[in-house]
Amino acid sequence: MRTYQTLLASLVVLSVAGTAHEAAAERRQNSLAKDVAVRHRKLLVKNRFEIAPLFESTINADFRHVVGGGIKLEYHISDKLSIGVIGVASASLNTGLVDKIVPTLETSTNNATREPSQTEFLDHLNSMPFHGAAYLSLTPWYGKLAAFSQAYVAFDFYFQAGVAFAQLKSDCPPTVCTDKTPGQSTMSGMDTIPPDDNPNNDAPLNDGSRLGLYLGGGIHVFLNDFLALDLTVRDYAFSDNPSGVDYNADRFVSQDDSRFLHHLFFGAGLSVMLPTKVKRTQ
Amino acid sequence: MKPLRMRASKSLLFVTLALMASTALAAPKKGAPPPSKGTPSKGKGGSTPAPAGGSGAAGGEVEMDGGDSGAKPKAGGGAGSGAGGGSAGGGEIEMDDEQNKAPTDLAADLAASDAQQAAAAKQGPTVKTPLSWKDIVVVIRKPFLKVRRTELNPFVGTSMNDNMVRSYSMGGELAYYLTDVLAIGIEGNYYQHVFNEPFDLVARQARRLPTVNQYNWSGALDFHYVPVYGKFAVLDHRLITWEAFFVAGIGAGQSEVIPRDTKFPGFTNFLIQPNVGAGMRFFLAKWVTLNFGIRDYVFYDHFEPVDRSTTMNASAADAAAHADGALINNIMFQIGVSFWLPTSFEYTTFR
């Protein structure tokens, strides 16, 4: 009996000591440690629909700048997650590199020199009249900034990933792209004519639709509760051969000359958030 | 039987004391209901904690959340964790207690202040203190001060706008902050380069050898201005402070012609390089920051002449004399880690 009571008392003491230790340990924790960083925060994007007319231009394009305008439609499922699409119609402008090369090229075709004529060079370059993407967007960072200690504005950083699409266009007329069977021998009567080994008169094969990978990152700078400046760097990566001539040195143009290329764009837009009224967090 | 009963009584007493101690220590874990806004919590007999004092004050902790501590100065007395004047006398701040707030009516506040001043005037010399809401500072102080500190910023960079050659740089900048937003500094860069895809493509496809220069080094005297600072939350939990800055400066550098034909020697150019740029700085600690920036180095460079043979521009001096010139914008993206000296700082004004 004595032993039983002593044992019982010891168990109770140990139990109590353990409970007390847990309680003390829990109380030592900072009660704010698991709290949100900002309370009563304006939910500037959550459950809002974003419409953003935008301007976009390539960054450091090799042969042709792509400059255009379009629209971004995005729905913010939560404060951090959203889905959206973007479409941009564009015009193409020759880069400084093209402007430097073209005047030095021959004005008419001379197969002996193996260099393209001005027309051949230009007609093989492709343009991108339309491109866009469907994406998932993550907004992990939000905050506010003070500019010149006067203007206090909210902002957020976002990152996007999805599927890119592009419509490519090249227009090499038959009078320029005369080789109907690039890289292949042809028969003329009883004679076999070997390939001409001249990629400059081959069809460029760099037009049509492309699907690829889309990556983006940007910033919203909120001018008020429903208007935001939207600055983004976007990468539309897909298979392309911008120069439209031989890349793999097999002396003719084929689909093998296309490779997975990154097309970097900078975009600036004005986002309109709907509904225009915002809610606040607790 | 009697001794046995005595032992049982002692055991019961011991257990009772232990349970009381457990209850006392474990009270904060259970937590009282969150404080209702604007209304003092009502005591529920012994379960409602008394105003904290005993354990909380004795432990030297400051419990910001009344919900966790259960401490309510106006709560009814309870057995709990030991009452006391700890809360009221210990200087705790009730963040959400509307009834404890100062009057929100500025007129009433001023009237009360006038009454206090009048009472003070009867007792001694009058000291008139203007009182206004404008006197109340509501913007928290900057978490990082730069004034009279030196920034040592080693960085690496890459060129952004050259199709043919990509230049990589390693460099450093030493800046001294005259104020919290203005600094003067010196920087130095050492460059290496690689050829981009178009360099090879132009040669193979258009049968043209590109004329390109490489950069060897550069240095500049820079002025920094910091007009923008802010903070952001990462995944709604961690706050990070940052600022944006502009840089402008003047310096010098050297470029070197990469000969199209290695039979002929290249030559170097001395460049006067003004530069402008902008960047962002993220504060990681009082003595270290992470920097990103874009810098545009503007200069007039000289390139290898188009016509070069054994009879024309064969020597480096001849080639340099007949070099083609062009205005160049070398835009570099730079990333670096800044170390700040002294490694700490003190605020000169109250919070």
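1. Some reading conventions come first. Residues count from 1 along each chain as its sequence is written, while chains are lettered from A and ligands numbered from 1 in the order in which they are written. Because the model is predicted, local features need pLDDT of at least 70 and side-chain atom pairs count only at pLDDT 80 or more, whereas totals for chains, interfaces and linings use all residues.

2. Chain A holds three helices and 12 strands; these are DSSP runs numbered from the N terminus, helices being H or I of at least four residues and strands E of at least two.

3. Strand 2 of chain A has antiparallel pairings with strand 3 (residues 64-76), over nine bridges, and with strand 11 (residues 259-274), over eight bridges; pairing requires at least two DSSP bridges between two strands. A:Glu50 has A:Glu74 in strand 3 as its bridge partner, and A:Glu56 stands opposite A:Gly267 in strand 11. Five residues separate strands 2 and 3 in their hairpin, where A:Asn60 takes a positive phi near 60 degrees.

4. The largest nonpolar core has 16 residues, and A:Met128 and A:Tyr214 are among those that touch the most other members. Such a core is a set of buried Ala, Val, Leu, Ile, Met, Phe, Trp, Tyr and Cys residues joined through C-beta atoms within 7 Å.

5. Some backbone details deserve a look. Most residues other than glycine have a negative phi, and most peptide bonds are trans. A:Ala249 has a positive phi near 65 degrees, and A:Arg251 one of about 70 degrees. With 9 C-beta neighbours inside 10 Å, A:Ala249 counts as exposed; A:Arg251, with 15, counts as partly exposed.

6. Finally, look for the cis peptide bonds. One joins A:Leu274 and A:Pro275, with omega about -5 degrees, and another joins B:Leu341 and B:Pro342, with omega about -5 degrees.

Methods:
A residue is buried if 20 or more other C-beta atoms lie within 10 Å of its own, exposed if 12 or fewer, and partly exposed in between; C-beta atoms are placed from the backbone.
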